[in-house]
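Please prepare a short briefing on the model shown below.

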Number of protein chains: 2
Amino acid sequence: MMIPFPYLLYLGAPKDELSVKTSRGVAVWRPELCLGEYRSPGSAITLGLPQLSFAEAAAAGARTMIVGVANAGGTLSEAMVADVLAALEAGLNVASGLHQRLGANPAIAAAAAARNLQLFDVREPPAHLDVGNGRARAGNRLLTVGTDCSVGKMYSTLALERELRARGIAADFRATGQTGIFIAQGGVPIDAVVADFISGAAEWISPARTDGGWDLIEGQGSLFHPSFAGVSLGLLHGAQPNALLLCHESGRQHMRGLAGRALPGLKQCLDANLQAARLTSPDVVAVGVALNTSALPRAEAEAACRAVEDELGLPCQDPVAMGVDRIADRLIETFAETAD
Amino acid sequence: MMIPFPYLLYLGAPKDELSVKTSRGVAVWRPELCLGEYRSPGSAITLGLPQLSFAEAAAAGARTMIVGVANAGGTLSEAMVADVLAALEAGLNVASGLHQRLGANPAIAAAAAARNLQLFDVREPPAHLDVGNGRARAGNRLLTVGTDCSVGKMYSTLALERELRARGIAADFRATGQTGIFIAQGGVPIDAVVADFISGAAEWISPARTDGGWDLIEGQGSLFHPSFAGVSLGLLHGAQPNALLLCHESGRQHMRGLAGRALPGLKQCLDANLQAARLTSPDVVAVGVALNTSALPRAEAEAACRAVEDELGLPCQDPVAMGVDRIADRLIETFAETAD
């Protein structure tokens, strides 16, 4: 799977910023993939990209319309079906992260087939996955792990990719969730694979590499989230990471979706991840902590990072507010030493 | 799902003992469910049950034919399709553990629908699963955990069920694999659920219970198997076990399917399981070790059990050769104390 670009980002009739979060992620991290946006007449929310009709987008060279819309239930409304059909009519492939599959809608499937266009349901895992084998493979791999879901793992991974690339180091984001898959033009929705294939899926998205570059693998969930820890562990084993980057949100009151359940301590969480990772990557090391401090004033944010550094002996930065330069420094230093 | 009994066990034309392993498991653990067996003319392998044609089985009161056959690829051969159709014609429901689904065969689906009979594809997980929530629930639950796959977790769980029931204690085997599901007449094939639902599936098969009895949950895989540890961890969190029974096979040379990968030590394995289990069951304790000593002479088997007992301070028995009475004693003693 390689989603053809340039993209037209479909916003529909967004109700709020949250409903265009996926599209905004693509626009922020891959502006070079994005030609424009489509929103229904009368909508005020914009990504700041050129407004294009389906025909205008196709004429300008767009290859794929990205339905990066989040709604309750992940359903395709009648209005969205009509828009998808119109986009196909204009000659665009269509990719969707909705739970309800494009390919399961007979009209959409027929329209795509008639025009020889591709439909990408990025929540549908690939059919050819093998079970993981845990065999040591070549290459440098970093995985982001978290104290909880939604603490900034995708953002941190992409920020590190940008930082390493800016320094001339080959680095590739490997996607495990829907927004990430649009950004990377491919990947595996790791929480949607059949349980037996979790680690195999992680092995598949980060195969052996020998160019000295890094695969930066988007983490999911948390070993300490009782709903999803199995996904996180399978991903950890399959990723076979040389390096871990721990992600956390300052001030998070409880595990996502589970009122009353406390988050683990940072050291506890990191130790558990390192211990589990050693099964397939005996020399794994932590290289930093990405702290989402958006809830804190700047002075407190910096103090929070210093406190983490003192506790763990690792560079700690908020990727949004402070970048990830010191985390990248540590990564490079650590693996320059081991390469000697 | 509740597979109607009595069963007719379908053996087909078995090539060896391994190919009837599933049917034999049902015959051994639930003789009261099994009315007879069907094998193709000329086959020598038998479970020792009455040989019945489909019509004879139906006339004798059989409700469901169990296709408990293991073959490479898990496919339905033409001969098997013909036999399934003949069984439906005779009025039997059909349950299968093959990878290839009964319901996906148009002739079988049509024949079942025409006669208002049920098809059970036990490798197909239920559609209504929720994600796990990790909330504390009432009841006594024991989970078998292992150093590896195929070390005797199902057998040990069933042996403990038999032992507790013989002592008048309510105890119910909860199945997570295909053979177990035929035995329990229901359950969830935990390795076949979508990754996000592993712990939710485990919660679903062992709901809150308040009768003082035990849910004895069939474990799968191993936290130390790099192919399947995600399944094992999700099951561990969802099972929310009060008690763990560690299973191991003496003399196993390497992790199943992974030549060169050593098994974990028993203490290392038990500690990792206890630590992970505490996320949803803070007071979890180990109550014993089930050691598969089939590769050892009896004297060595007993010495191996004593060595484990000395190391871990837990009763250790081979459930096949020695029973599980001392493990049951420990379980009862431990929870009699906590009930006081």
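In this predicted model, A:Asn140 touches A:Gly212, A:Gly213, A:Trp214, A:Asp215 and A:Asn242, not counting residues up to four places away in sequence; contact means heavy atoms within 4.5 Å. Local features need pLDDT of at least 70 and side-chain atom pairs count only at pLDDT 80 or more, while totals for chains, interfaces and linings use all residues. Residues are numbered from 1 along each chain as its sequence is written, chains are lettered from A and ligands numbered from 1 in the order in which they are written, and side-chain values use heavy atoms, with hydrogens and water left out.

**A:Asn140**
- A:Asn140 belongs to strand 6 (residues 140–146) of chain A; strands (E, at least two residues) and helices (H or I, at least four) are DSSP runs numbered from the N terminus.
- A polar atom of the A:Asn140 side chain lies 3.2 Å from the backbone oxygen of A:Gly212.

**Strand 6 of chain B**
- In strand 6 (residues 140–146) of chain B, 7 of 7 residues are buried, meaning under 20% relative accessible area with a 1.4 Å probe, protein chains only.
- B:Asn140, B:Leu142, B:Thr144 and B:Gly146 point one way, and B:Arg141, B:Leu143 and B:Val145 the other.

**Partners of strand 6 in chain B**
- Strand 8 (residues 214–217) of chain B runs parallel to strand 6 of chain B, joined by 4 bridges; two strands pair if DSSP finds at least two bridges between them.
- B:Leu216 of strand 8 is opposite B:Leu142.
- Strand 9 (residues 243–249) of chain B is also parallel to strand 6 of chain B, with 5 bridges, and its B:Cys247 is opposite B:Gly146.

**Annotated domain**
- An unreviewed UniProt entry annotates residues 131–327 of chain A as "domain: D-glutamate N-acetyltransferase-like C-terminal"; positions follow the numbering used here, feature names are shortened, and annotations may be inferred rather than shown by experiment.
- Residues 131–327 of chain A are 38% helix and 16% strand, with the end C-alpha atoms 33 Å apart.

Note on methods
Buried means under 20% relative accessible area, exposed over 50%, partly exposed in between (1.4 Å probe, protein chains only). A polar contact is a pair of N or O atoms within 3.5 Å; within protein, one must be able to donate a hydrogen and the other to accept it, and residues adjacent in sequence count only if both atoms are side-chain atoms.
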